[in-house]
Amino acid sequence: MVAGGLSVEVTEALGAFAQEVATSLASRSDLQEGSQSATLLAAALLAEGQARLAALDHTRCPSTASSAFRAAVQRAILGTSVASLQLGGGSRDAAPAVRVHVRGSAMRTERGGIFTIGSAPECDIQIAGDASVLPCQLVVVALLGGAVVMDAWSGNGTEVIARGRDGQEPVRVLGRVCSGAIVVEMSERLVLQAADQERRLRIHGPRALVRDPAELSWRQLWQVLALAVAVALPEEGSSATELTSATPLN
């Protein structure tokens, strides 16, 4: 059986992994490395990339696995402490640009709302010449309030090296994605090491599409109100800074 151009098995896997990502973001917990849903997602995204290469077509239609997974992530984070990732102006389906720089290559700007990073030529951003990089090492989903970087395949092979704001030199930090999901906030710069060698990536979070609350539509104002109600009683372990810092309304 096929639902919207995708098999039921793949559709269910996308939804399941999106829920895992939302839980990882909200609780800062690990993703289950190599889970069936993560494996099916990576396979579906690489197959989709191969089809686009063969057709010389880089567009993504709503029935593709990438578009369906991005929509699943959007749904999964609603009502969680990271729901503010949905805010930032424009329609919910808008795909803000995310800039990525791999050491030794030119800066790339991805505008499709979701993209893959890995050694496979089917990836949107290929890291070649390093055997420690997996065919699909990272999946990045761009939302209105920031970008979500996820790694459920490398077994703690992706480390956070530094963080900073646009226009400033990133400050070195100690941390790691740790087979989990991490947010690159609006106008933030995140430096990652995605392999055993010194293969580093700089990911620049999307910039706010709306800077003045007066520019928000009634639909977006309703989203703000719904978010305020959802976070009126924050989850244990969350903080006001986390809830507001990713909301590009000021």
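**Note on a predicted single-chain model**

1. E110, leaving aside its neighbours within four places in sequence, is in contact with P96, A97, V98, F115, D124 and I125. Contact here means heavy atoms within 4.5 Å. E110 sits in strand β4, residues 107-110. Helices (H or I, at least four residues) and strands (E, at least two) are DSSP runs, numbered from the N terminus. Its side chain makes a polar contact with the side chain of R108, at 2.7 Å. A polar contact is a pair of N or O atoms within 3.5 Å; within protein, one must be able to donate a hydrogen and the other to accept it, and residues adjacent in sequence count only if both atoms are side-chain atoms.

2. E110 counts as buried because its relative accessibility is 10%. Buried means under 20% relative accessible area, exposed over 50%, and partly exposed in between (1.4 Å probe, protein chains only).

3. On the basis of the model: it is predicted, so local features need pLDDT of at least 70 and side-chain atom pairs count only at pLDDT 80 or more, while totals for chains, interfaces and linings use all residues. Residues are numbered from 1 along each chain as its sequence is written, and side-chain values use heavy atoms, with hydrogens and water left out.

4. The overall figures come next. The chain has five helices and 13 strands. Of its 250 residues, 49% are buried. Among contacts between residues at least 6 apart in sequence, 57% join residues at least 24 apart. The chain exposes about 11900 Å², and carbon and sulfur atoms supply 55% of that area. Accessible areas come from the Shrake-Rupley method with a 1.4 Å probe; for residues, only the protein chains shown count as cover.

5. β3 and β4 run antiparallel and are joined by four bridges. R99 has T109 of β4 as its bridge partner. Two strands pair if DSSP finds at least two bridges between them.

6. An open sheet of five strands has the order β6-β5-β7-β8-β11, with mixed pairing. Its edge strands are β6 (125-126) and β11, each pairing on one side only. β8 and β11 pair in the antiparallel sense over five bridges. In β11, A181 is the bridge partner of M150. Helix α1 lies across β8 and β11, at about 70° to β11. Axes are lines fitted to C-alpha atoms, for helices over the stretch in contact, and angles run from 0 to 180 degrees between N-to-C directions.

7. The largest nonpolar core has 37 residues, of which F17, V21, F69 and M150 touch the most other members. At least two residues of this core come from each of α1 (8-27), α2 (36-55), α3 (65-77), β7 (138-143), β8 (146-150) and β11 (181-185). Apart from it lies another core, of 21 residues, including I117, I127, A194 and I203. A nonpolar core is a set of buried Ala, Val, Leu, Ile, Met, Phe, Trp, Tyr and Cys residues joined through side-chain atoms within 4.5 Å.

8. Not counting residues up to four places away in sequence, F69 touches L14, F17, A18, V21, L41, I114, V139, V141 and M150.

9. C123 lies in the loop between β5 (114-118) and β6. C123 is buried because its relative accessible area is 7%. Neighbours within four places aside, C123 is in contact with L46, T116, I117, G118, P135 and C136. C123 and Q137 are 14 residues apart along the chain, and their C-alpha atoms are separated by 9.4 Å.
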